[in-house]
Amino acid sequence: MSSSNAAPRAWQRMLSGRRLDLINPSPLDIELSDIAHGLARVARWNGQTIGRHAFSVAQHSVLVEQIFSHLKPKASAADRMAALLHDAPEYVIGDMISPFKAIVGGDYKSVERRLQEAIHLRFGLPAQMTKTLKDAIKRADRISAFFEAIQLAGFSESEAARLFGRPRGISPDALPIEPMSATRVQRLFSRRFEEIETGRPKSTE
């Protein structure tokens, strides 16, 4: 078979040495080190943010988990982990802004869903979240997006409120919104993962 007739490559080589198949991702090929490294180098808002450093998906993920934990102080460690990993597929496929996701449609969502399920299984979470958990994480995600939009991405408060809703009962003062370097936020993301993981019940099997 000639190279022109060969199926297109659908896997990516990771720094850990893993080869992740995007069409049929295996939990065995997913490593936290790859996720933390990749997300720390993927920019939110297509990089259109103020500051010396890009505001990365890793930093956004830490922020969302912090907001989620504030809104749901009795949430289990597993639910907090799901919040931290809510954008984890973007370590492979990048952060596509919402307007472009709407244009691309189903194929992108399908790839994203399969990756998310594999990531959840890799770290001992249910492949699919309950609607209640998904909605709670989405609320935290939108609160984060509101603060990011007005503080980093040049949106007016009224514009951000129209797009994401105006947060109530939470202040941005204690939230890590100032963009960090990739190496610093990579460590922050990994440390938060380990903190949550330490608090999860251990299997007795």
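Reader: Where is T49 found?

Author: In this predicted model, T49 is found in the loop between α1 and α2.

Reader: Why does T49 count as buried?

Author: A residue is called buried when its relative accessible area is under 20%. The relative accessibility of T49 is 16%, and therefore T49 counts as buried.

Reader: Which residues does T49 touch, not counting residues up to four places away in sequence?

Author: T49 touches R44, A54, F55, L152 and A153.

Reader: What makes A160 count as buried?

Author: The cut-off is again under 20% relative accessible area. A160, which lies in helix α8, has 0% relative accessibility and therefore counts as buried. With residues up to four places away in sequence set aside, A160 touches F146, A149, I150, F155 and G165. The C-alpha atoms of A160 and R142 are 9.8 Å apart, and these two residues are 18 residues apart in sequence.

Reader: How do the axes of α7 and α8 lie, and why is α7 called roughly antiparallel to α8?

Author: Helix α7 covers residues 131–151 and helix α8 covers residues 157–164; their axes come within 9 Å and cross at roughly 160°. Angles over 145 degrees count as roughly antiparallel. The crossing angle therefore makes α7 roughly antiparallel to α8. The crossing in which α7 passes α8 is right-handed.

Reader: Which residues make the contact of α7 with α8, and how do they divide by class?

Author: On the side of α7 they are R142, A145, F146, A149 and I150, and on the side of α8 they are E157, A160, A161, L163 and F164. By class, the contact of α7 with α8 has eight nonpolar residues, no polar residues and two charged residues.

Reader: What makes α3 roughly antiparallel to α9?

Author: The axes of α3 and α9 come within 9 Å and cross at roughly 160°. The limit for this term is an angle over 145 degrees, and α3 is therefore roughly antiparallel to α9. The crossing of α3 and α9 is left-handed.

Reader: Which residues of α3 and α9 meet?

Author: A77, R80, M81 and L84 of α3 meet F189, R192, F193, I196 and E197 of α9. The contact of α3 with α9 has six nonpolar, no polar and three charged residues.

Reader: How do you know that α3 is mostly covered?

Author: Of the eight residues in α3, six are buried. The buried residues of α3 are A77, R80, M81, A82, A83 and L84.

Reader: Why is α1 called oblique to α9?

Author: The axes of α1 and α9 come within 8 Å and cross at roughly 140°. An angle must be over 145 degrees to count as roughly antiparallel, and roughly perpendicular covers 65 to 115. The angle falls between these ranges, and α1 is therefore oblique to α9. The crossing of α1 and α9 is right-handed.

Reader: What makes up the contact of α1 with α9?

Author: L32, I35, A36, H37 and L39 of α1 and Q186, F189, S190, F193 and E194 of α9 make the contact. The residues of the contact of α1 with α9 divide into six nonpolar, three polar and one charged.

Reader: Which residues have the most contacts inside the largest nonpolar core, and how many residues does this core have?

Author: The largest nonpolar core has 56 residues, and I35, Y91 and F189 are those with the most contacts inside it. Several helices each supply at least two residues of this core, including α1 (32–39), α3 (77–84) and α9 (182–198). Nine residues of this core, the largest share, come from α7. Leaving aside neighbours within four places in sequence, I35 is in contact with I30, A88, Y91, I119, F123 and F189.

Reader: Where is the place of A10, and what is A10 in contact with?

Author: A10 has its place in the segment before β1 (11–13). Beyond its neighbours within four places in sequence, A10 is in contact with L20, D21, L22 and I23. The C-alpha atoms of A10 and N24 are separated by 9.1 Å, and the two residues are 14 residues apart along the chain.

Reader: What does the secondary structure of the protein come to?

Author: The secondary structure comes to nine helices and two strands. From the N terminus on, the elements run β-β-α-α-α-α-α-α-α-α-α. Buried residues make up 43% of the 205 residues in the protein.

Note on methods. Residues are numbered from 1 along each chain as its sequence is written. This is a predicted model: local features need pLDDT of at least 70, side-chain atom pairs count only at pLDDT 80 or more; totals for chains, interfaces and linings use all residues. Side-chain values use heavy atoms; hydrogens and water are left out. Axes are lines fitted to C-alpha atoms, for helices over the stretch in contact, and angles run from 0 to 180 degrees between N-to-C directions. Helices (H or I, at least four residues) and strands (E, at least two) are DSSP runs, numbered from the N terminus. Angles under 35 degrees count as roughly parallel, over 145 as roughly antiparallel, 65 to 115 as roughly perpendicular and the rest as oblique. A crossing is left-handed if the near helix is turned anticlockwise from the far one by less than a right angle, and right-handed if clockwise. Contact means heavy atoms within 4.5 Å. Ala, Val, Leu, Ile, Met, Phe, Trp, Tyr, Cys and Pro count as nonpolar, Asp, Glu, Lys and Arg as charged, and the others, Gly among them, as polar. A nonpolar core is a set of buried Ala, Val, Leu, Ile, Met, Phe, Trp, Tyr and Cys residues joined through side-chain atoms within 4.5 Å. Buried means under 20% relative accessible area, exposed over 50%, partly exposed in between (1.4 Å probe, protein chains only).
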